[in-house]
Amino acid sequence: MQSAAITPSPQPVHADVLAHLRAEFGPRILAEQLTCDGIPTLWVDRHDVKALLLELHEDCRPSFEMLFDITAIDERLRVHRDGQPPSEFTVVYHLMSFAGNCDFRVKVPLQDKDLTLPSVIDIWPNANWYERETWDMFGIRFEGHPNLYRIVLPPTWKGHALRKEHPARATEMEPYSLSDEQEAYEQDALKFKPEEWGMKRESENSEFMFLNLGPNHPSVHGAFRIALQLDGEILVDAVPDIGYHHRGAEKMGERQSWHTFIPYTDRIDYLGGVMNNLPYVLAVEKMAGIEVPERVKVIRVMLCEMFRICSHLLFYGTFAQDVGQLSPIFYMFVERERVFNIIESICGARMHPGWFRIGGVAQDLPEGWDKRVRELLDFMPARLAEYDSMVMNNGILKRRTQGVGVYDTAEAFDWGVTGAGLRATGFEWDYRKQRPYSGYENFEFDVPIAVNGDCYDRCAVRVEEMRQSLRIIKQCVDNMPAGNYKSDHPLTTPPRKEKSLQDIETLINHFLSVSWGPVIPPNEVTVAIEATKGLNSYYLVSDGSTNSYRTRIRTPSFAHLQMIPEISRGFMVADLIAIIASIDFVMADVDR
Amino acid sequence: MQFEVGSALSIGSILLTVIVVAAMLIWVERRLLSLWQERLGPNRVGPFGLLQVVADMIKIFTKEDWVPPFADKLSFVLAPTVIMIVILLSFSVVPFAPGVGVIDSNIGVLFVLAMASLGAYSVMLGGLSSDNKYALLGSLRAAAQMVSYEVFMGISILGVVALAGSFNLREIVLAQADGSWFVIPQFIGFVIFLIAGVAESHRLPFDIPEAEQEIVAGYHTEYSGMKFGMFFVGEYLGLVLISSLITVLFFGGWMGPFLPPIVWFAIKASMFIAFFILLRAAIPRPRYDQLMTYGWLVLLPLSLVNLMVTGAIILSTQ
């Protein structure tokens, strides 16, 4: 087998940051870890982590504006930990710098007997939910956190689900039953108690109404609850409550083989289809050291852009519907149907094809695929223009959405907003341009932006993105490279079969890879992509086994929902609906 | 028994026709909306799906007639009947054709306005008695919306009343007998009446009291079975009423060449019904405070100016 010896040297900007931190922190840095994604990783003690993060956020040049992710790893069963400080639970901070276009990882080792470390909410407000999730999943306490409640699991849950000792299968647990007392107890736990969230029940001149918007409400796009504190129709405060759609995708990632986890990724952002496969397979390929053929890259880009169009069309239609315009969604389903027909003829499935493979795609393109794609390219621009006049130029819609739910670029950084929500604040930053993956550097397209950062602009950016996606698809059709649809690398799954009946080595490799699954060399990697709703990243830890040791899925919707109270205070209930619609989220993407 | 204004036959057939038309509108609206939205709509039950209404009726009549335990029983039950009653009563003064009508009242216009005001109670009571927060928000919005839009509705038709010199709807139609429909001199009045009419019957774009994307179903969130059915049919009755009134007040009622008068009336009223359905398919919903601002700052001054100008012209030509 080929060895996966890819340890890219840190980018120059990293070298500066690292030198600065070495000078600043010296021996307080416990270790420096090299991962195959080239993101510098520093280990520090929990007493120093806040100082280090503050340094990275405030004084470093370039500064790390965004807290991209906080998660943890249960290290107790991990074998390959060469050069890493002893740790039973490791908390991982992933930071992003837009100014320097680079990432940074900070790790904190913790021992099971004392799982506490300081909260960083006062540096990045979006740490709130990430810390709650880490507490929920691992039982790690963040000191100074205002309300460290469970976030995705029910408040009555016993244990912490992502710890290795927690069962992953229903068969490992008692058969489920729900007695009357248990039901009453669970229901009581779901009651919203305003005092727990520091809310008052009345002000000097009025009594507040607390309204449960959801988990079943026509406009919350899935099972999502927001507890509203209302003064008449004016929103005083809100508490989003998520977790109703949680399926434990990260836990599944630990028990499925590298290959069989691919279909699960489809269901993360269920409107994104194969777009979800992409960061996952890219991450595995990076660890395995697989270079995919040009044809694979272009096929992947084409399908991803088709799914971007599908997702944006659905967003566009529901956005109009949520401000009371009933018809556009029906028109948009016509195009969506066309795109799905193409996807179906290529992948065999429509919404969740699960079609990308480690080292390639499942099949080659079918004969005559380009004809239908060209038809779509001819058909769509006129329809998009029609929607502009129907939706975007409508006076009532403008009045409903302009100036509503406004935030600026700095706030977007604070809350971890990426994707169209970030570009609508006038900040031109698209992962496909800034850090091209899967061959995006070979395509010509523009990054649309808007300047006001309100609901209308978020929609306008996405509308323009659809046109850019069409442009990219056109380039794919015109320049589809010839070649194989799968890499020749032995870890490609399933491997190519041509030679398997000719020499015994290939046959053994094929047999193992299909029956057992590929063995990915021990490493760590984070790969992010510009998904339909923002940056979606997979942080994979391989322990040299047939499945992942830790699968962390960072989704854009999770970050975006956290911001809802911040941008909707003082608006009316109807505005809240417009704000929710403009965020473009699906609950599966939030809860995973 | 003769077919003339006020006869039992006349009353009976008007009542029946109006209710059947309102029920059929459920099918008409769904088919028209789907026509405009590139889909098929209900087309399975009977020819063109016409029997869909019958199926819906059977369903709605046989559903459990449930009153939530937390609701205020009496007003919860009364609320949906109020809307049916007041709208059906309003039809009593509408002159459908020569000899077809329930009464020729000298205060026809005022009677319609009075009934419209009572209609607001139905929505308010329904929302308040449900003891549901969405319903409360809905009735809050409904109260504000209906009470304000009644004002402009009333003022907008005073121009017509002045031109015809009568509050009697039949005389208003007769005053347009020479073919000079009031829509021409009273175009502004017509537009304001139309907008206020949509707001009064709270249909999209002004379905703010029941905006499903915001407050689930607004004031009738807790209603089910036939009580919901009454609100539902009441809304369509309101639609028929507004269309009939527009026909009578601004478009010469039953007047028209060749065809029988009642057919002309039906054609004109259907045009407006279709227009209201088209509005629903095309326009987004403004926010509740935007609707109020628009009403008080645009429609009210405009209707007052319209009335004053009309008055001045009438006085100067006398």
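**Domains, core and paired strands**

In this predicted model, the domain assignment of chain A gives two parts, domain 1 (12-143) and domain 2 (249-591). The centres of domain 1 of chain A and domain 2 of chain A, taken over C-alpha atoms, are separated by 28 Å. Their contact draws 22 residues from domain 1 of chain A and 26 residues from domain 2 of chain A. On the side of domain 1 of chain A that touches domain 2 of chain A, strand S3 (66-74) and helix H3 (127-138) of chain A each supply at least two residues, and the largest share, six residues, comes from S3(A). By class, that side of domain 1 of chain A is made up of 11 nonpolar, seven polar and four charged residues.

Taken as a whole, chain A has 20 helices and 15 strands, and its C-alpha atoms fill a box of roughly 85 × 65 × 55 Å along the principal axes. A compact globule of 592 residues would have a radius of gyration near 25 Å, and the 24 Å of chain A agrees with this. Of the 592 residues of chain A, 50% count as buried, and among the contacts in chain A with a separation of 6 or more, 69% join residues 24 or more positions apart.

What lies between the two domains? The largest nonpolar core has 244 residues, and those with the most contacts inside it are Val284(A) and Met306(A). Helix H8 of chain A gives the largest share of this core, 16 residues. Because domain 1 (12-143) and domain 2 (249-591) of chain A both give residues to this core, it lies between them. Leaving aside neighbours within four places in sequence, Met306(A) is in contact with Val339(A), Ile342(A), Ile343(A) and Ile473(A). In soluble globular proteins, nonpolar side chains tend to be buried together.

S13(A) pairs in the antiparallel sense with strand S14 (residues 535-542) of chain A over eight bridges; Val525(A) stands opposite Leu540(A) in S14(A), and the bridge partner of Thr526(A) is Tyr539(A). The two strands form a hairpin with four residues between them, and Gly534(A) in the turn has a positive phi of about 145°.

Eight of the eight residues of S14(A) are likewise buried, so S14(A) is largely enclosed by the rest of the structure. S14(A) in turn pairs in the antiparallel sense with strand S15 (residues 548-554) of chain A over six bridges, and Ser542(A) stands opposite Ser548(A) in S15(A). In the hairpin of S14(A) and S15(A), which has five residues between the strands, Gly544(A) takes a positive phi near 70°.

Definitions and conventions:
Residues numbered from 1 in each chain as written. Chains lettered and ligands numbered in written order. Predicted model: local features only at pLDDT ≥ 70, side-chain atom pairs only at ≥ 80, totals over all residues. Domains from an automatic or database assignment. Contact = placed C-beta atoms within 7 Å. Nonpolar A, V, L, I, M, F, W, Y, C, P; charged D, E, K, R; others polar. Pairing = 2+ DSSP bridges. Rg over C-alpha atoms; globule rule 2.2 N^0.38 Å. Buried ≥ 20, exposed ≤ 12 C-beta atoms within 10 Å, placed from the backbone. Core = buried A, V, L, I, M, F, W, Y, C linked by C-beta atoms within 7 Å.
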